[in-house]
Amino acid sequence: MAATGNEEQTLLPDIEEEAEGMEREMESEEEEEEGMGVEHSEEEDEEDTSEDELENEAEIQRLEEQLSINAFDYNCHVDLIKLLRQEGKLHRLRKARQKMSELFPLTEEIWLDWLKDEIRLTEDESDREKVYELFKRAVKDYVCPEIWLEYVQYSIGGMGAQGGIERVRSIFERALTAVGLHMTKGASIWEAYREFEIVILSTVQPPPGSAPSQEQQELLNAQLERIHTLFRRQLAVPLMDMEGTYAEYSDWADDGVPEMVTRQYRRALQQLEKGKPFEEALLVSEPPKLAEYQAYIDFEMKEGDPARVQIIFERALAENCLVPDLWIKYTTYLDRQLKIRDLVLSAHERAVRNCPWTMGLWKSYLLALERHGADHQTVTDVFEKALNAGFIQATDYVEIWQSFLDYLRRRVDFSKEWSRELDELRAAFARSLDYLKQDVEERFSESGDLSCTIMQIWARIEALHCKNMQKARELWDSIMTKGNAKHANMWLEYYNLERSYGDASHCRKALHRAVQCTSDYPEHVCDVLLNFERVEGSLEDWDAAVQKTETKINRVNEQRARVAEKEALQARQEEEKVEHRRKAKADKKGQKKSQKVNRTGDKRKADDEYEEEWGEDAELPSKRLRGEDDFGSTATEELMETESGLFGRRAPPRKTEPPGFRKNQRGSSEAPQQPQDVSKEQRIDENCVFFEDRLAVPEALKLDRKEVDGRPMYVSPCVDKNKNPDFKVFKYKTAMEKHKIFISGLPYTCTKETLEDLCKQHGTVKAIRLVTNRSGKPKGLAYVEYENEAQASQAVLKMDGSMLENFTLSVAISNPPSRKMEDKGVPSRLLGAAMPRQPQGARGKGRTQISLLPRSLYRQSTPDAKAENGTISAPHTTETDGVHGGPGTTSPDTQSKSLSNEDFARMLLKK
């Protein structure tokens, strides 16, 4: 909590002269240094100094102008303070620090620099009091052991003044309350306090060889008891290096350590062991350590020690002061558990100073002020600050106004006909409506209160507490004119208000207007009107209600019929457009197909060949396996799915072989082997390997992505996609993995070792995967798996946008986009998908498409299928002698029956 305006101003005017004097001293010291044997000439030094001073002064003026435009520019404040301190302009530096402290809590570094500068200017006791006030402000922003240690050390310097020792002890006690439970840094405060008391002990001891008087003995015993008490208190608190403190106490105590102290010490050691893992996690992690602090807080809240919960919250907030959720969690805990007025209000004030844009913190602050009996002016001032905080959405202003209006309503005594609080409440309601209409709408283009919640509350208060139905009806008329008349729920709310606090006449009038205006749920409003007339109305009222509701329902049905007809027309038009596009596409494909037929013998392009064989409406071509005829198999080509989506390419030579695999050797001049020549353990067909032993399959799958001759070898199960359309073998997850990060923009020369050295700085790396293409060349992408989500998040924060070998890295949590699967019955040519195959012979499709068979061995039929030598050949077929299973092989099912002499005779008679 910052000091008040008057207190802050008292620190400035009285010491301006000292600041100017300090500036002159610093300038004189610089002049003396310049005169002490410097190698450069005096002229060069003066020129360099003057140029630097001019540049710095120009930058200072620019920063001051920037702050005059936007006083809430935090970084600008910090830069200005650093520059002024560098130039030694203490008077302007003090003013800059003062302005920043009024707007923001200052960090530990800024406070320590400010305090050290002010301590150097201290000359008399009045100046010391001003420094004391500055320390009081510093320790209120955050819990910082270093500032408290500086505070107590400075107070020890004034112990010679009247009441100085008691003042030092008071400051030490406050320091122990604030940071004495800090597990890693609290011991320094305890030790400093104990050393101070030991020094005091030396001053009350009698000289050697002399007997102390009774008064001296009492002082000596009291001082010894203070030291014993400090030891006992410290040993009951779990702190690092407790063993050393216990050993020191054992040596210092003449009668040994009491049993009770030993038991407390052992309990503290047990608590220390429980907290050590969390402290070690904080030690190895990098700021802001939010995840580690969250885990530590949850642990302490389960333990249930309020003091330890408070200190760990304060430690977390010192490094995460701009995290609103952490402040909300802390203030909620204080409101519900500790309920200590000064502690609670101080935490709420610091919360809104650190995160002023968070409406929830201001709302909680107002409730805490009311809960702890703060005066009305204080609550009003806090509310006014909230309105100027700059919330990020219009609804935040509505909520903060509602909280303040609730507070004002609770102050009113409605048993009195008139009170000042009631007038203030009504004035606040009116002001809130004007504020939302003018200020909020001007900024957000909306008031944030579309359903007029504030006006509804005001109308209900007037009706319920003030018995002023006339004012309530005026407010509801205003609500309906703001675009709410078409909503049935608004009319029913108004009807319920009239039903509770008004009369039947106004209820009937409201329901008739509702039937006339409602557009979302007219049937419901009509039912409410008819039910009301059944209870309250006469026959004439009933007839009027029936006529009005029937007219409304008929009109609504007609409107709905027109809308349905219009939607049906639009749907038909859309269907016609789709059918037209489909037909146009089909015609275009037909034209291309006919053009290809006419270009017989010409060289076809790959894209035309693909369109002809693998069109959208075409079925997958069948694939004949080697030895298929001998086995009697008529299986179609199995649809394969591998991790990369590629199939049908000839894999590179493999050197590594799984157990149970025996390579099939074939000579280049030998005829195709028959099935009986193939090993019983396996059968090979280009990309497929069949094992007789199932145990060999898992071992073979382990070879997936193993590099062979510099290229990755992909191994996956052979699955019939026609029988198992949903089978997936992609070995990596396609959903978000919060413990894994995705890195893009890597240099192509980056290795796993280089990437691991870079990533392990932010956590424990479990796995790294560099993404490559099928040829083994890197794509500049990688996936890195960490031990937990916190480490992955830390890596994203630190590595995103960093440089590696002049490459800018882009780092994010692994969240691959979902794959849009095509219709299974309509295969399309995706990137890397299987290429359609033309009918091939036993040796496959040649690269040059040039036949190496002598022409004399070919027997070709004409394309128009004319009768030749008594047979009709099938179109586009070719038979070769001595080679079977080729694309032109004719089977008994496809050959035409030979013509007899009678057939020839009939053909001649027809002519």
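## Helices α19 and α21

In this predicted model, helix α19 (residues 376–387) packs against helix α21 (residues 420–444) at an angle of about 5°. Angles under 35 degrees count as roughly parallel, and α19 and α21 are therefore roughly parallel to each other. Their axes are 14 Å apart.

On the α19 side, the contact is made by His376, Phe383, Glu384 and Leu387. Glu424, Arg431 and Tyr435 are the residues that α21 brings to the contact. Sorted by class, the contact of α19 with α21 has three nonpolar residues, three charged residues and one polar residue.

## Nonpolar cores

The largest nonpolar core holds 155 residues. Within this core, the residues that touch the most other members are Ile147, Phe172, Trp362, Phe391, Ile400, Trp401 and Trp476. Helix α20 (residues 394–411) supplies the largest share of this core, with nine residues.

Another core, of 18 residues, lies apart from the largest one. Val765, Ile768, Val796 and Val811 are among its residues.

## Surroundings of Ile147

Leaving out residues up to four places away in sequence, Ile147 touches Glu108, Trp111, Leu112, Leu115, Phe135, Ala138 and Val139.

## His77

His77 sits in helix α4, which covers residues 74–87. Is His77 buried or exposed? Its relative accessible area is 5%. Buried means under 20%, so His77 is buried.

Leaving out residues up to four places away in sequence, the residues that His77 touches are Leu67, Ala71, Met100, Leu103 and Phe104.

Definitions and conventions
Residues numbered from 1 in each chain as written. Predicted model: local features only at pLDDT ≥ 70, side-chain atom pairs only at ≥ 80, totals over all residues. Heavy atoms only, no water. Helix = DSSP H or I, 4+ residues; strand = E, 2+ residues; numbered from the N terminus. Buried < 20%, exposed > 50% of the residue type's maximum accessible area, 1.4 Å probe, protein only. Contact = heavy atoms within 4.5 Å. Core = buried A, V, L, I, M, F, W, Y, C linked by side-chain atoms within 4.5 Å. Axes fitted to C-alpha atoms, helices over the stretch in contact; angles between N-to-C directions. Parallel < 35°, antiparallel > 145°, perpendicular 65-115°, else oblique. Nonpolar A, V, L, I, M, F, W, Y, C, P; charged D, E, K, R; others polar.
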